[in-house]
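Here is a short briefing on one protein model. Keep the sequence and the 3D view open while reading.

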Amino acid sequence: MFTYTSEQFQLIVQFMLAEASRLGASDAVAEISEGHGLAVTTRKGEIETIEQSLDKQVGVSLYLGQRRGNASTSDFSPSSLRATVEAAFHIAQHTAEDDCAGLPEYDLLEKNPLNLDLFHPWEIEAIDAIEIARTAEAAAFAVSPQIQNSDGASVSTHQGHFILASSQGFLGGYPYSRHFISCAPIASSTGKNPTMQRDDWYSSSRIPAQLAPPAEIGRYAAQRALARLQARSIRTRRCPVIFEAPVAAGLLGSFVQAVSGGALYRRSSFLLDSLGKAVFPAHLNLYEDPHIPSITGSAPFDEEGVRTQARSVVASGVLQGYFLSTYTARKLGMQSTGNAGGSHHLRLSSTNTAAGDLPGLLRAMGTGLLVTELMGQGVNYVTGDYSRGAFGYWVERGEIQYPVEEITIAGNLREMLLDIQMVGSDVLVRGSKETGSLLIGSMTIGGK
């Protein structure tokens with residue numbers, strides 16, 4: 001499966017740590033990895049791309065007191081490894097001291113990493129991946145004669161492994177995998193005002209057998225594209241808004257960024273000094289669990305070797321903790337939360353389960369906007385001001401009336417998060433975020 005064994009990786013990183021010590025480094029950390037993957041794309045049944053990837057890299061960060069230098073190479077020969085350590089050493093010599101620089105505290109390191117079953121390779125040939133992509137696309141075309149074009153269907157797989165080692169004695173690593181199937185059909189209508197609309201759907205997993213059937217992905221993507229036909233704009237107004245589960249996961253991502261160490265110590269977050277304060281309504285809880293076997297957001301330790309722990313990030317609406325690496329924690333006078341590299345698996349839940357699934361949320365909303373796609377990057381993390389292009393559906397009396405385009409939705413993230421009234425049971429996992437659709441009490445809709 002891999003060119004190098006875990007034992008060979010260990011020998012290489014230990015060699016680099018020994019070289020760092022020989023040069024006079026007070027501390028050092030080395031990480032080595034390799035991976036390979038396959039990605040194919042078809043469009044209208046024809047092969048668009050076939051990509052085979054193979055990568056490997058080893059990097060070292062060393063410290064001269066509180067001065068840090070780092071360098072990396074893809075050449076694993078002893079001479080290249082020595083040169084890489086020497087380059088990091090020379091960089092550290094010319095770097096200013098930083099009183100927060102340094103390796104994690106020893107007692108925070110993971111000494112006995114859990115086996116979280118993160119490696120499920122997919123032994124698939126390009127020709128078989130192409131057939132899967134064609135199956136997804138063919139299923140989309142079969143839904144309706146109005147599906148006559150496509151942005152393509154894709155299949156990708158990636159397997160890799162790594163070892164992380166430090167002069168403190170930490171040594172850990174594991175193999176991992178991730179796989180993906182997607183389809184993006186284009187629907188068209190004829191008549192007086194012909195239109196075209198594109199939508200997509202995908203399935204991802206570490207385990208190939210847990211990917212959704214390709215035909216199911218294609219059919220659902222086609223249904224979503226067809227539903228967008230004959231979209232119109234609406235007049236500017238304020239109304240309730242539902243974020244469909246996939247875009248709701250993005251809203252959670254904005255929250256994570258606002259309470260991450262980098263934004264906090266730079267004082268560039270609208271949620272500064274929010275620890276112990278209400279950031280969500282009291283019916284909401286946000287739980288981080290890095291130890292669920294086989295899923296994308298799981299890890300026994302973070303990118304620095306700090307142990308990960310299950311914890312309540314938000315309990316009854318109140319912020320319990322930030323997302324901190326060793327460096328950002330020291331900048332804030334706090335302790336690492338094991339989040340070097342970002343958040344782990346986050347699950348948003350509500351004690352208010354009256355609405356149920358997405359149709360139930362629509363009925364609870366009554367009249368308002370269901371948002372299924374967001375465009376642009378209109379988020380100011382300093383002030384929390386939020387303004388994005390959107391596509392969605394106008395809802396009246398709890399029923400979808402027609403698709404809506406050429407609009408913006410605007411508000412303030414702090415107020416939006418506090419105004420989440422319900423979470424749907426249509427729970428979806430996107431990356432490391434798990435949430436249902438979200439009903440927000442009121443936002444400004446900018447239309448014609």
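Buried means under 20% relative accessible area, exposed means over 50%, and partly exposed lies in between (1.4 Å probe, protein chains only). Helices (H or I, at least four residues) and strands (E, at least two) are DSSP runs, numbered from the N terminus. The model is predicted: local features need pLDDT of at least 70, side-chain atom pairs count only at pLDDT 80 or more, and totals for chains, interfaces and linings use all residues. Residues are numbered from 1 along each chain as its sequence is written, and side-chain values use heavy atoms, with hydrogens and water left out.

**The sheet**

- Two strands count as paired if DSSP finds at least two bridges between them.
- An open sheet of 6 strands runs in the order E12-E11-E10-E13-E19-E18. Its pairing is mixed.
- The edges are strand E12 (318-319) and strand E18 (428-430). Each has a single partner strand, so one side of each lacks a neighbour in the sheet.
- E12 pairs with strand E11 (residues 311-315) in the antiparallel sense, over 2 bridges. Here Val 318 of E12 is the bridge partner of Ala 315.
- E10 and E11 are also joined in the antiparallel sense, over 3 bridges. Leu 286 stands opposite Val 314 of E11.
- E10 and E13 run antiparallel, with 5 bridges between them. Glu 288 has Leu 346 of E13 as its bridge partner.
- In a regular strand the side chains alternate between the two faces of the sheet.
- Which residues of E10 are on its covered face, and which on its uncovered one? Leu 284, Leu 286 and Glu 288 form the covered face. Asn 285 and Tyr 287 form the uncovered face.

- Contact means heavy atoms within 4.5 Å.
- Helix H5 packs on the sheet. It touches strand E10 (284-288), E11, E12, strand E13 (346-350), E18 and strand E19 (433-435).
- The direction of H5 makes about 125 degrees with that of E19. Axes are lines fitted to C-alpha atoms, for helices over the stretch in contact, and angles run from 0 to 180 degrees between N-to-C directions.

**Nonpolar cores**

- A nonpolar core is a set of buried Ala, Val, Leu, Ile, Met, Phe, Trp, Tyr and Cys residues joined through side-chain atoms within 4.5 Å.
- The largest such core has 49 residues. Phe 243, Phe 255, Leu 369, Tyr 386 and Ile 409 touch the most other members.
- Helix H5 (residues 245-258) gives the largest share of this core, 7 residues.
- Beyond four places in sequence, the contacts of Tyr 386 include Phe 243, Leu 251, Ile 409, Met 416 and Met 443.
- A second, separate core holds 26 residues, among them Ile 130, Ala 136, Leu 211 and Ala 222.

**Salt bridges**

- A salt bridge is a side-chain nitrogen of Lys or Arg within 4 Å of a carboxyl oxygen of Asp or Glu. The whole structure has 12 of them.
- Arg 330 and Glu 105 form one, at 3.4 Å from N to O. Arg 330 lies in helix H7 (residues 326-331) and Glu 105 in the loop between helix H2 (78-93) and helix H3 (126-143), so the pair ties together parts 225 residues apart in sequence.
- Arg 330 is partly exposed at 23% relative accessible area. Glu 105 is partly exposed at 35%.
- Arg 134 and Glu 131 form another, at 2.8 Å from N to O. Both lie in helix H3, 3 residues apart, about one turn of the helix.
- Asp 199 and Arg 228 also meet in a salt bridge, at 3.5 Å from N to O. Asp 199 is buried at 8% relative accessibility, and Arg 228 is buried at 6%.
- Asp 199, Arg 224, Arg 228, Glu 244 and Glu 373 are linked in a network of salt bridges.

**Cysteines and a buried proline**

- A disulfide is a pair of cysteine sulfur atoms within 2.5 Å. The count by this rule is 0.
- Cys 183 is buried at 1% relative accessibility, and Cys 239 is buried at 6%.
- Pro 300 is in the loop between E10 and E11. Its relative accessibility is 2%, so Pro 300 counts as buried.
- Leaving out residues up to four places away in sequence, Pro 300 touches residues including Glu 110, Tyr 174, His 291 and Arg 307.
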